[in-house]
Amino acid sequence: MFDKILIANRGEIACRVIKSARKMGIKTVAVYSDADKDALHVEMADEAVNIGPAPSAQSYLVMDNILKAIKETGAQAVHPGYGFLSENAAFFDALDAAGVEFIGPETLAIKAMGDKIESKLLAQKAGVSTVPGYTEVIKDTDHAVEIANKIGYPVMLKASAGGGGKGMRVAFNEAECRDGFERATSEAVSSFGDDRVFIEKFIEEPRHIEIQILADKHGNTVYLQERECSIQRRHQKVIEEAPSPFLTAETRKKMGEEAVALAKAVNYRSAGTVEFIVDKDQNFYFLEMNTRLQVEHPVTELITGVDLVEWMIKIADGQELTLKQEDIGINGWSMESRVYAEDPFRNFLPSTGRLIKYRPPVESDTVRVDTGVYEGGEISMYYDPMIAKLVTWGKDREECTENMKRALDEYYIRGVGHNISFLNAVMSKQRFIDGNLTTNFIAEEYPDGFDASMVPQKDPKNLVAVACFMKRMEAERETMISGQMEGSRGRQIADEWVVQYNDEKFNATVTPNETDGYDVDIDGTTLHIRSAWTFGEPLFFADINGTEICVQVDKEATGYSLFHAGAQASVKVLTARQAELNDLMPFKAPPDMSAFLLSPMPGLLLSVAIEEGQEVKAGEVLCIIEAMKMENIMRAEKDVVIKKIHAAEGGSLMVDEKIIEFASDD
C-alpha cells in the first residue's frame with residue numbers, strides 16, 4: 001500500500017480524499033494556489049506545497065508544478081479528485097513516466113471517454129443504447145444548421161471536451177442553433193482549449209440517471225446501483241439522490257449491465273460513472289462516461305456502505321475487488337443538496353467573500369457534510385462557488401427528505417449569499433415529493449426565475465412564538481440589572497405584545513409555563529414552547545406543541561431576523577405604545593439606479609459591444625461578463641441611448657459596480 005499520496009485538487013473533494021487516506025493510514029500532500037494558502041484542505045493534509053497564483057490556469061492546471069510537488073514530497077500516487085486534471089490523459093502519461101501511480105483509469109479510457117464523439121461510437125460498438133445524432137465534428141455555423149435540420153429540432157449542441165454545462169446549448173429553431181453554436185464554441189475554447197462541437201437529438205421530458213461502477217486491474221467490474229440527478233439548473237446538478245424513485249429493478253439491472261459492458265470495452269479500472277438520459281417509458285440512452293469520482297458520489301456510499309475513495313486507492317495499488325455484484329444492495333435512501341455561495345434571488349449569481357459565520361449541521365448516522373470551508377474562510381471568485389455537499393440518509397425517501405429539510409434549517413451561513421432557500425423550496429414542491437422529476441424540473445417550476453414569494457410560507461405563528469420567547473427572556477434579564485430606579489422600564493415585565501411579522505401584525509400574550517417554557521397566546525391560538533436556547537446562540541431549537549423546530553436567529557436593532565424552512569422574516573416584539581409609534585416611522589426608499597447597468601456578479605468584463613452616444617434597441621447586446629468560466633450576455637431591456645461607459649473592457653468587476661450609464665428619457 002502507498003505510504004503517501006498527493007491530492008491534485010482543492011476544496012471539499014481534497015478534504016474528502018484526505019479523510020479516506022487518513023482512515024487507511026496513508027499520509028497526504030495538499031497542493032494549493034496563492035488564494036488557497038489558508039484553505040481547509042491545506043490544514044488537513046500532512047504536507048502542503050504551493051503551486052502558483054490564484055487562477056487555476058496558473059496553478060491547479062499546470063502539470064509541471066504538480067509534478068515538481070510530487071518530486072519534492074516523495075508522493076507515490078496522485079488522486080486527482082474531479083475537474084482540473086482528473087480527466088487529462090497527458091497528466092496520466094506524465095505521472096506514468098515519473099513512476100507515480102494515478103488513482104484513476106489509464107490513458108485509453110480517459111481519452112476514449114473524454115471525447116464525447118469517440119465515446120458515443122465506442123458505446124455503440126459495446127451494445128450500449130445511444131441518442132440519435134451527428135457524431136462527427138461540426139465545421140461551422142451553416143454546417144450546424146444543416147445537421148440540426150436533418151436531425152429535427154430540438155437539438156443539443158455540445159462541446160466534445162465539455163462538462164459541467166459548459167459548451168452546451170439547446171436549440172429549438174435555426175436562430176437558436178446559430179447563436180448556440182457560436183456560444184458553445186466560444187465557451188469550449190475558453191474552458192477546455194478545444195473548439196469541437198457536435199449535435200444530437202434533444203430528448204424532451206428526460207431524466208438524468210447515472211450508474212456508478214468500480215473496476216479493478218484484474219478484469220472485475222461491478223455497478224453500485226444508480227443515482228437520480230435530474231434536478232438541474234443550467235445543466236448543473238442541484239439535488240441528487242440514490243436510488244432513483246423512477247427506475248424498476250429490471251431497468252436498473254439493464255442499465256448496470258450496459259455500464260459494465262462499456263467499462264470493459266475500454267479496459268476501465270478505478271471508480272467511474274456512466275451517465276444515461278432516460279425517457280418517460282424508461283428507455284435509456286448513453287450520455288457520457290465520467291472517468292473520475294463524481295461530485296455526488298456520497299449518496300451511493302450511504303446506500304451501499306462502500307467507500308469509493310478507499311476502493312480507488314486500493315485498485316490503484318493493484319488490489320482485487322472483493323465486492324461481488326450480488327452483494328451490492330440498496331440500504332435505505334440518500335439525498336445530496338449542493339450548497340452554493342450564490343444568490344437565488346438574483347438569478348443565482350455567484351456570491352464571493354468571507355464566511356463571517358459558518359456552522360454546518362452536526363454530522364451523524366443520517367447527516368453528512370462534505371466541505372472545504374470554515375468560519376472566517378473565503379469563497380474565492382477564482383473557483384467553483386460550492387460551500388458544501390449536504391447529504392442525508394433515511395430508511396425511505398420521505399424520511400430522507402425530512403432529514404434533509406431539518407439539516408438545511410440547521411445550516412447557519414452568514415457573510416455570503418447561499419441557495420438554502422431555493423433548496424428548501426424545491427423539496428417542498430409536490431412534483432418533487434411525488435418523485436416526478438425531469439431535467440426540466442426547475443425551468444418548468446420556476447419559468448420566470450426564483451424570488452422570495454416562492455419560498456413555502458408555513459404558519460407564521462411558530463416564528464411569532466419564538467420571537468416572543470426571546471423577548472420575554474430579554475425582559476426577565478433586564479429585571480436582574482442592579483441599581484435600577486423604582487418604576488423604571490427594566491423592573492417591569494410586559495405580558496402583552498404586538499408582534500410585527502414582516503407586514504403582518506399579531507397580538508400575543510406570553511406567560512411562563514409551570515414546567516420549562518412559555519405559553520404564548522397568538523390571536524386566540526395557544527402555543528406551548530419549550531427551549532434550552534441561551535442568549536447569543538444562532539440556532540433556536542424548540543418544541544412547539546410537540547413538534548421539533550429549528551430557527552436561525554440574528555438579533556437586529558429593534559427585533560430579530562428569523563430564518564426557517566428557507567423563509568426569512570423580520571420580527572419586532574413591541575408594546576402597544578411602541579407599535580403605535582412604529583407605524584409613524586417614514587419609509588426610506590432605496591436610490592433609483594434604473595439609469596445604470598450594474599454588474600450582477602463579480603467577474604471579468606469580457607467585451608463591450610456599444611459606444612458612448614450610441615442608440616441601442618431592446619434586446620441588443622450591451623456587454624459580456626465572464627464569471628466562473630461562463631459567459632453572461634447583458635442585453636438592453638428597452639430602447640436606450642448610451643450616456644457613459646464606466647468600466648473598461650478586460651477589467652474586473654464587483655457586484656453592483658457601474659458598467660454603463662443610460663441617458664435620461666427627459
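Visitor: Is phenylalanine 469 buried or exposed, and what is its relative accessible area?

Guide: Phenylalanine 469 is buried, and its relative accessible area is 3%. Buried stands for a relative accessible area under 20%, exposed for over 50%, and partly exposed for what lies in between, with a 1.4 Å probe and protein chains only. The model is predicted, and residues are numbered from 1 along each chain as its sequence is written. Local features need pLDDT of at least 70 and side-chain atom pairs count only at pLDDT 80 or more, while totals for chains, interfaces and linings use all residues; side-chain values use heavy atoms, with hydrogens and water left out.

The ring of this residue has a partner. Rings of Phe, Tyr and Trp (its six-membered ring) pair if their centres lie within 6.5 Å; planes under 30 degrees apart are called stacked, over 60 edge-to-face, and the rest tilted. That rule gives 18 aromatic pairs. Helices (H or I, at least four residues) and strands (E, at least two) are DSSP runs, numbered from the N terminus. Tyrosine 518 is buried too, at a relative accessible area of 7%.

Another aromatic pair joins tryptophan 533 and phenylalanine 540; it is tilted, at 5.7 Å centre to centre and 40° between the planes. Tryptophan 533 counts as buried at 10% relative accessibility, and phenylalanine 540 is buried at 0%.

Aromatic rings also gather in a group: Phe345, Phe348, Phe422, Tyr446 and Phe450 make one aromatic cluster. Over the face of tyrosine 446 lies lysine 429, 4.9 Å from the ring centre. A charge sits over a ring if NZ of Lys or CZ of Arg is within 6 Å of the ring centre and within 35 degrees of the ring normal. Lysine 314 does likewise with tryptophan 311: its charged end is over that ring, 4.8 Å from the centre.

Next come the nonpolar cores. A nonpolar core is a set of buried Ala, Val, Leu, Ile, Met, Phe, Trp, Tyr and Cys residues joined through side-chain atoms within 4.5 Å. In soluble globular proteins, nonpolar side chains tend to be buried together. The largest core here contains 39 residues, and Ile387 and Tyr411 have the most contacts inside it. Elements that each supply at least two of its residues include β12 (236–242), β22 (386–394) and α12 (397–409). Helix α13 gives the most, six residues. Not counting residues up to four places away in sequence, isoleucine 387 touches, among others, Tyr411, Ile413 and His418; contact means heavy atoms within 4.5 Å. A separate core has 35 residues, including Ile7, Ala30, Leu293 and Leu308.

Histidine 418, one of the residues that isoleucine 387 touches, is in the loop between β23 (412–414) and α13 (420–428). Histidine 418 is buried, with a relative accessible area of 14%. A polar atom of its side chain is 3.4 Å from the backbone nitrogen of isoleucine 420. Leaving aside neighbours within four places in sequence, the contacts of histidine 418 include Tyr340, Glu342 and Phe563.

Two residues elsewhere are partly exposed. Asparagine 331, in the loop between α11 (308–316) and β15, is partly exposed at 48% relative accessibility. Its C-alpha atom is 4.7 Å from that of isoleucine 303, although the two are 28 residues apart along the chain. Glutamate 101, in strand β5, is partly exposed at 23%. Its side chain makes a polar contact with the side chain of lysine 217, at 3.1 Å. A polar contact is a pair of N or O atoms within 3.5 Å; within protein, one must be able to donate a hydrogen and the other to accept it, and residues adjacent in sequence count only if both atoms are side-chain atoms.
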